[in-house]
Amino acid sequence: MTALSPVLKQATPVTVDHGEGCYLYASDGRRYLDFTAGIGVTSTGHCHPKVVEAAQRQIGSLIHGQYTTVMHKPLLQLTERLGDVLPAGLDSVFFANSGSEAVEAALRLVRQATGRPNVVVFHGGFHGRTVAAATMTTSGTRFSAGFSPLMAGVHVAPFPTAFRYGWSEEQATDFALRELDYLLTTLSAPAETAAFIVEPVLGEGGYIPGNTRFFQGLRERADRHGILLVFDEIQTGFGRTGKFFGHQHFDVRPDIITIAKGLASGFPLSGIAASRELMAKAWPGSQGGTYGGNAVACAAALATIDVIESEGLVDNAAERGRQLLAGARTRATKAVGDVRGLGLLVGTEFTTPTGEPDTATAATAQRLAHEKGLLLLTCGAYSNVVRMIPPLIVSAEQVDEALGIWSAVLDEL
């Protein structure tokens, strides 16, 4: 009898029968409030009627039209529609399937466009599991261990993780920028550095937002040295943070962004966006893929963007995010070292009485939550951060429901 790989570890024992909105229904009939959203993917909730209708309609006309062989309408329509929401100047897109593919496409582009071999990433970032993306990932060794040697040319600079350092955000930012300058002096000369690649909010690294001075410092150094600035918006894009893209909180201009997750409400679709001038510097034949820009996924993405805009989901993410963050902070107990987030990305970090990461308590909290009907995930280098990632459609009442369960969990610990 064939079985799934034993290496795949399930966060919960739930087997899902169907989903609707912010809820998943198990095969035994039990309802769960889903604050995982497929790791930030089901942005419009489970089976939003408009997304379902768009996908069903597209399946009846064309499922797959390989986009380096033929063009199809959903691909062309999505490309045009993205122009309404992408940052100014990013008017050229390339589509793939997964976040890792998008990151690798961005890496290929920055190296080809600049002729420089190196990139700088930031400690705690997650960029994927394929070889290049895993090399750039520093949120935990589990993503890169066991298949060395990894890719050369990747250097790691600090991210302003104030809580971990025990400093103020200002001190952590001073340190991060100073160490970046030192890296450019000692490890990767600016003339050999193609790009800075960074998440606006560390995702797998523990739901840690950056800040305006840090990101503007990256932009200033990038401009000074002819380095490209790439924002990995795979988890923070499409309204998740209370802006359409996470970097927009920080008044900074990217050269490239990577997109995926919430773009198509659960259908596999990813991509990169850059200026036409920059994208044209990719070498002929360097971009492609069998399934990239799939017709059904593109139709779902078009419907997703329409729902996000027509239902005001970016504003809802901002409002509900403030409610969720404030509520999580109010309910924090002595077992909680920090509660932080941006929009509908909220993390609760568990620590011991001496301030050490408390992985066991985080795991217990996550387990108790699902037993009480709330699905959550952990993250962070030590897996000691419990994260809340509800769909963008989440209501004030559902946030209160989740916080009520979370309060009961914390009381029980």
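Mentor: Contact across the boundary involves 37 residues of domain 1 and 34 residues of domain 2. In domain 1, the residues that lose the most area to domain 2 are Val-314, Leu-342 and Leu-345, which together make up 23% of what that side buries. The model is a predicted one, and its domain assignment gives domain 1 as 16–47 + 312–411 and domain 2 as 51–311. Taken over C-alpha atoms, the centres of domain 1 and domain 2 are 25 Å apart. Between them the two domains bury about 2700 Å², and carbon and sulfur atoms account for 61% of that area.

As for charged pairs, one salt bridge is counted between domain 1 and domain 2. Arg-387 and Glu-204 form a salt bridge through their side chains, with an N to O distance of 3.0 Å.

Four elements each supply at least two lining residues: α1 (37–40), α4 (99–114), α12 (359–371) and β16 (377–379). Of the elements, α12 gives the largest share, three residues. Sorted by class, the lining of the largest pocket consists of 19 nonpolar, 18 polar and nine charged residues.

The second largest pocket has a volume of about 470 Å³. Its lining also draws on both domain 1 and domain 2, so the second largest pocket lies between them as well. It is lined by 22 residues, and those nearest its centre are Arg-164, Gly-205, Glu-349, Ala-381 and Tyr-382. Helix α6 (residues 162–165) provides the largest share of this lining, three residues. By class, the second largest pocket is lined by eight nonpolar, 10 polar and four charged residues.

Some features of the wider chain can be set beside this. The whole structure has 20 salt bridges. One further salt bridge joins Arg-276 to Asp-91, with their closest N and O atoms 3.6 Å apart. Arg-276 belongs to helix α9 (residues 276–279), while Asp-91 sits in the loop between α3 (73–82) and β4 (92–96), so that pair links parts of the chain 185 residues apart.

Two backbone details remain. The peptide bond from Ser-148 to Pro-149 is cis, with omega near 5°, and Pro-149 is part of the loop between α5 (131–135) and β6 (154–157). Phe-238 is not a glycine, yet its phi is positive, at about 60°. Phe-238 lies in the loop between β10 (228–232) and β11 (256–259).

Note on methods. Residues numbered from 1 in each chain as written. Predicted model: local features only at pLDDT ≥ 70, side-chain atom pairs only at ≥ 80, totals over all residues. Heavy atoms only, no water. Nonpolar A, V, L, I, M, F, W, Y, C, P; charged D, E, K, R; others polar. 1 Å grid on protein atoms, 1.4 Å probe; cavity = no way out; pocket = protein on both sides within 12 Å on 5 of 7 lines; lining within 4 Å. Points joined across faces, edges and corners; volume = space filled by probe spheres on them. Domains from an automatic or database assignment. Contact = heavy atoms within 4.5 Å. Buried area = accessible area lost by both parts, 1.4 Å probe. Salt bridge = Lys/Arg side-chain N within 4 Å of Asp/Glu carboxyl O.
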